[in-house]
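Please look over the sequence and the three-dimensional structure shown here before reading on. The report that follows takes up a few features in turn.

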Amino acid sequence: MESLRQQWRDGKSTLGGWLSSESSAVAEAMALAGFDYVCVDMQHGVSDYTSAVRQIQAILAVDATPIVRVPWNDPGIIGKMLDAGALGVIVPMVNSVAEARAVVAACRYAPNGSRSFGPVLAAPRVAGNYMQWAQDNIAVIPMIETAQAVDDLDAILDVEGIDAVYVGPSDLSLTYGLPPVNNDGNPQFDAALAKIVEACDKRGIVAGMHSNGGLIQRRLAAGFRMLTVASDLGAMGVGFKVEMGKAMATADPDGESSKTGY
């Protein structure tokens, strides 16, 4: 299993999967699909601490890379998820230098931060000095997802210790008065993405973004190097509809159907 930081040091662009459910079986299936990372979403997904720990264990069991989006910029939950074995944390709604510094501090041990030492699940999985390993491998990923954050972007990215930033297109769009979707082609939206990539490139920081399979090539061409391809619930929903469509067509080739069965 290769950490995100190592993959980025090797110059790789990384594609990931997103877990909104709390199922460890789904986490294992997603990890087996070959994503560069699998993110457990504790902000908008349904996982609590206990289910997130089980998902991390399932991902690690197949030698894949688990990260977590924590529910908020709070050192307690950030530390607990790192102690549980997450190899990186995505932190939502980071809008200022002070908030960015708090993210870094929660992820790093002194003298680089203020993370409390107690990696009860993480340390036994690492050969040698866990503190040094964590310093080299834990990815610190604040989210840039508001117009306010874009306006203060240079100062935020100058905070030492940030490895990547992650764009939430829905919240970013809302703060520009746009609907909560990808708004490619809108001048404000496009300019914000371009500014984020340019500012990251200047500092050797990875630009990341929530995406989908159809947008990956466009985002890679624009300079993003951390892209989420699919979510579990979204992919399963599409798959269910596709298979049900095939079943209906096979069972009733004339296009007639019955709610009560065949």
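Is Trp 133 buried, partly exposed or exposed, at 21% relative accessibility? Trp 133 counts as partly exposed, because its relative accessibility is 21% and a residue is called buried under 20% relative accessible area, exposed over 50% and partly exposed in between, with a 1.4 Å probe and the protein chains only.

## About the model

This is a predicted model, in which local features need pLDDT of at least 70 and side-chain atom pairs count only at pLDDT 80 or more, while totals for chains, interfaces and linings use all residues. Residues are numbered from 1 along each chain as its sequence is written, and side-chain values use heavy atoms, with hydrogens and water left out.

Trp 133 is found in helix H6, which covers residues 130-137; helices (H or I, at least four residues) and strands (E, at least two) are DSSP runs, numbered from the N terminus. The C-alpha atom of Trp 133 is separated by 9.2 Å from that of Ala 123, which is ten residues away along the chain. Helix H6 also holds Gln 135, which counts as partly exposed at 29% relative accessibility. Between Gln 135 and Gly 161, 26 residues apart in sequence, the C-alpha to C-alpha distance is 9.9 Å.

Trp 133 belongs to one aromatic cluster together with Tyr 109, Phe 117 and Tyr 130. Rings of Phe, Tyr and Trp (its six-membered ring) pair if their centres lie within 6.5 Å, and planes under 30 degrees apart count as stacked, over 60 as edge-to-face and the rest as tilted. A search of the whole structure finds four aromatic pairs. The pair of Tyr 109 and Phe 117 is tilted, because the ring centres are 5.4 Å apart and the planes stand at 50°. Of these two residues, Tyr 109 is buried, with a relative accessible area of 6%, whereas Phe 117 counts as exposed at 52% relative accessibility.

## Strands S1 and S2

Strand S2 (residues 37-41) is mostly covered, since five of its five residues are buried. On one side are Tyr 37, Cys 39 and Asp 41, on the other Val 38 and Val 40, and all are buried, so that both faces of S2 are covered. Strand S1 (residues 14-19) pairs with S2 in the parallel sense over four bridges, where pairing requires that DSSP finds at least two bridges between the strands. Opposite Val 40 in S2 stands Leu 19.

## Backbone details in the loops

The peptide bond from Ala 110 to Pro 111 is cis, with omega near 10°, and Pro 111 is found in the loop between helix H5 (97-107) and H6.

Two residues other than glycine have a positive phi, namely Asp 63, with a value near 65°, and Met 93, with a value of about 50°. Asp 63 lies in the loop between helix H3 (49-61) and strand S3 (66-69) and is exposed, with a relative accessible area of 52%. Met 93 lies in the loop between strand S4 (88-91) and H5, and at 21% relative accessibility Met 93 counts as partly exposed.
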